Amino acid sequence: MCCSRLAPKTGSSPTSDRYHRDTMADPLFTISATLRDAFASVTGLPAVGIDPVVRPSDRADAQVNGALALAKQVGRNPREVADAVVATGALAAICSAVEVAGPGFINLTFTEAFLAEQLAASAEDARLGVRMAAVTERAVVDYSAPNVAKEMHVGHLRSTVIGDSIVRLLQFVGHEVVRENHIGDWGTPFGMLIEHLLDLGDSAAIDMSDPNPFYQAARAKFDADDDFKARARDRVVALQSGDPSTLAIWQRLVDNSAEYFDIVYRQLGVLLTHDDLMGESAYHDKLAGVVEQLAVKGLLEQSDGADVVFVPGFTNREGDPLPLIVQKGHGGFNYATSDLACVIDRVDRLGATLLVYVVGSPQAQHLAMVFKVAEMAGWLAPPAHAVHVGFGSVLGADRKMYKTRSGENVKLQALLDEGVQRAAAAVAEKNPEMPADEQAAVGRMVGIGAIKYADLSTDRIKDYVFDWDRMLAFEGNTAPYLQYAHARICSIFRRAGVERPSVRSAPVSLAEPQERSLALALLQFDAVVHDTVEKFAPHRMCTYLFDLAQAFTGFYEACPVLKDGYETTRLSRLALCDLTARTLQQGLALLGIDAPERM
RNA sequence: GCCCUCGUAGCUCAGGGGAUAGAGCGCCGGCCUCCGGAGCCGGAUGCGCAGGUUCGAAUCCUGCCGAGGGCGCCA
């Protein structure tokens with residue numbers, strides 16, 4: 001289901017034609033290609049299709065597990081195959097130790113020179129050694145999707161934050177990305193919203209700090225007042241038939257909401273802007289065509305008065321074939337029709353090869369049906385393909401949907417404000433000498449970062465429990481911990497009075513085990529970025545950054561950088577510090593999180 | 001009823017078919033005149049249950065148990 005066209009399994013099974021080879025990369029990736037050839041020559045199997053299964057190891061710098069499976073294939077002893085691969089000498093130049101262990105594992109220890117060379121290449125590279133994807137996708141990412149005239153609440157958080165990170169990751173490895181914010185700006189509610197706006201007068205507008213009262217007032221009138229209800233219904237007809245004055249009022253509502261969305265997006269620090277809005281209204285005049293084309297293609301059937309497409313493999317609660325309804329019994333279209341029009345638009349107009357839907361897991365079946373129908377109709381055909389990036393819910397401490405005490409949706413702005421406020425207090429306590437304006441700026445980075453990181457750092461498919469104390473802690477797998485690690489490294493350079501770029505060509509020594517561990521962690525960044533993109537799994541980046549920060553702590557504990565008596569290792573260790581800070585900063589940036597230089 | 005997802009340490013979570021399942025928080029016991037403790041070292045407790053595939057399963061398959069979600073005219 002994951003997008004295998006994006007990238008191979010990074011680090012382990014390279015298909016060399018898929019990557020530009022002009023930058024250095026993860027050593028595990030580099031040696032995979034060499035080992036694949038060595039296994040091919042030893043076993044006589046074709047190199048294509050051989051996976052040497054190179055993995056990080058707690059017994060060495062890396063371990064190669066491929067001999068066990070491949071020996072089985074050719075009916076030989078795994079240890080013998082492993083020995084033969086070692087005997088080819090393919091790894092002699094870059095390994096100080098290569099030993100066969102257990103049933104046929106090959107344990108590798110890289111030479112210090114090889115690791116230092118790889119590190120130097122990363123240090124000199126603005127991309128920190130991260131390869132570009134060789135197959136460039138034109139990716140359309142659909143995320144956030146708030147509704148006009150309604151507030152953004154905690155229910156919009158995950159789609160917006162996960163989608164933003166996926167956009168940044170795709171862009172970083174070279175894909176062309178189109179952001180699509182599919183806002184709810186059309187449909188029957190707009191009759192009452194427009195009438196309510198008219199009732200309020202010419203200068204009326206939605207309160208951008210709290211749109212809900214507007215919607216609720218319109219709703220209340222609609223429910224209580226038959227005259228208003230009739231006006232609202234007439235207004236829907238006028239809107240759908242394109243009445244200019246009605247459209248003008250509708251446009252005011254949309255523009256007003258767009259301003260509100262922009263405020264929230266700026267507060268949240270995501271890339272979405274007004275230009276990314278692509279609401280349901282944009283597809284309004286294409287919906288009849290969608291149904292017509294389905295009819296022409298012979299896919300359309302009648303069921304209980306509605307026009308539907310029966311989708312193979314889907315059944316309802318009676319075990320009967322499950323239809324996707326594209327035109328309701330009384331003629332209206334629904335979201336399935338709109339979603340199909342979207343697919344056509346994204347493939348035809350935008351030239352999308354990859355359609356990413358960052359939408360909650362409950363819609364998995366709906367999207368699977370839409371994708372299937374789009375394929376059946378020929379609208380979604382290779383190379384174009386669609387991926388549902390689903391996610392679980394945000395839960396409260398009671399493990400139920402996160403709500404206020406009175407059971408209402410938590411407003412996104414209020415949530416962000418509270419995070420910033422709590423973080424600012426923590427920063428003020430930790431660094432009381434910092435000027436107030438800087439405390440405020442850092443508080444924003446830390447508070448917003450903490451909220452985003454809490455959302456991104458666990459497997460997106462699972463629900464997670466929203467917990468201020470845990471996400472804002474300076475210990476554990478949190479944004480503040482990583483930001484603090486970054487700030488501390490920056491502080492080393494301030495103290496040393498050294499410009500960071502000046503250490504980027506320094507030779508690196510890896511004599512201490514903690515230096516080696518840190519070096520190995522730094523060199524994994526390339527593989528982790530690709531793994532994260534391939535799986536649409538930001539939590540993998542989070543796990544890596546936390547591991548990296550831990551590796552740095554071990555290094556920092558054991559390896560004095562600026563202390564007297566360590567002058568000869570100073571430059572080398574500063575180089576490790578710099579590369580660590582840059583990797584933390586870049587990794588956090590790919591998650592949409594800022595890394596302050598002091599906090 | 002059918003379908004989907006999830007079930008790993010007391011808690012929150014990692015774990016790409018490979019060797020002895022990891023981390024953080026919490027707990028217990030030590031250590032450091034520490035470049036801003038993001039401290040350091042040691043210890044205890046675990047893959048929901050039962051089968052199967054495999055040389056090898058937390059990982060793949062089947063069944064069961066438990067939690068959440070979905071299942072024709074809301075989006």
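Which residues in α4 meet L576, L579 and R582 in α20? They are L119, S122 and A123, with contact meaning heavy atoms within 4.5 Å. This is a predicted model, where local features need pLDDT of at least 70, side-chain atom pairs count only at pLDDT 80 or more, and totals for chains, interfaces and linings use all residues. Residues are numbered from 1 along each chain as its sequence is written, chains are lettered from A and ligands numbered from 1 in the order in which they are written, and side-chain values use heavy atoms, with hydrogens and water left out.

**Domains**

- Chain A is split into domain 1 (16-110), domain 2 (189-278) and domain 3 (412-590); the bounds come from an automatic or database domain assignment.
- Between the C-alpha centres of domain 1 and domain 2 there are 62 Å.

**The α4 and α20 pair**

- Two packed helices are described by the angle between their axes and the distance between the axes.
- Here, helix α4 (residues 112-123) and helix α20 (residues 567-590) have axes that come within 11 Å and cross at roughly 55°.
- Helices (H or I, at least four residues) and strands (E, at least two) are DSSP runs, numbered from the N terminus.
- Axes are lines fitted to C-alpha atoms, for helices over the stretch in contact, and angles run from 0 to 180 degrees between N-to-C directions.
- α4 and α20 are therefore oblique to each other; angles under 35 degrees count as roughly parallel, over 145 as roughly antiparallel, 65 to 115 as roughly perpendicular and the rest as oblique.
- The crossing of α4 past α20 is left-handed, a label used if the near helix is turned anticlockwise from the far one by less than a right angle (right-handed if clockwise).
- The residues of this α4 and α20 contact come out as four nonpolar, one polar and one charged. Ala, Val, Leu, Ile, Met, Phe, Trp, Tyr, Cys and Pro count as nonpolar, Asp, Glu, Lys and Arg as charged, and the others, Gly among them, as polar.

**The antiparallel sheet**

- Four strands make an open sheet in the order β1-β2-β4-β3, with antiparallel pairing; two strands pair if DSSP finds at least two bridges between them.
- Its edges are β1 (54-55) and β3, each pairing on one side only.
- Helix α3 (residues 78-87) packs on this sheet and touches β3 and β4, and its direction makes about 165° with that of β3.
- Strand β3 (residues 95-101) and strand β4 (residues 105-110) run antiparallel and are joined by six bridges.
- Going residue by residue, C95 has F110 in β4 as its bridge partner, and V100 has I106 in β4.
- The β3 and β4 hairpin has three residues between the strands, and there G102 takes a positive phi near 55°.

**The parallel sheet**

- Another open sheet of four strands has the order β6-β5-β10-β11, and its pairing is parallel.
- At the edges sit β6 (176-180) and β11, each of which pairs on one side only.
- From one strand to the next, the twist averages 20°.
- β5 pairs with strand β10 (residues 354-358) in the parallel sense over four bridges, and A139 has L354 in β10 as its bridge partner.
- α12 packs on this sheet, touching β10 and β11, with its direction at about 180° to that of β11.

- Most residues other than glycine have a negative phi, and most peptide bonds are trans.
- S144 is not a glycine, yet has a positive phi of about 80°; look for S144 in the loop between β5 (138-142) and α5 (157-172).
- The peptide bond from P382 to P383 is cis, with omega near 5°, and P383 is in the loop between α12 (364-376) and β11 (385-389).
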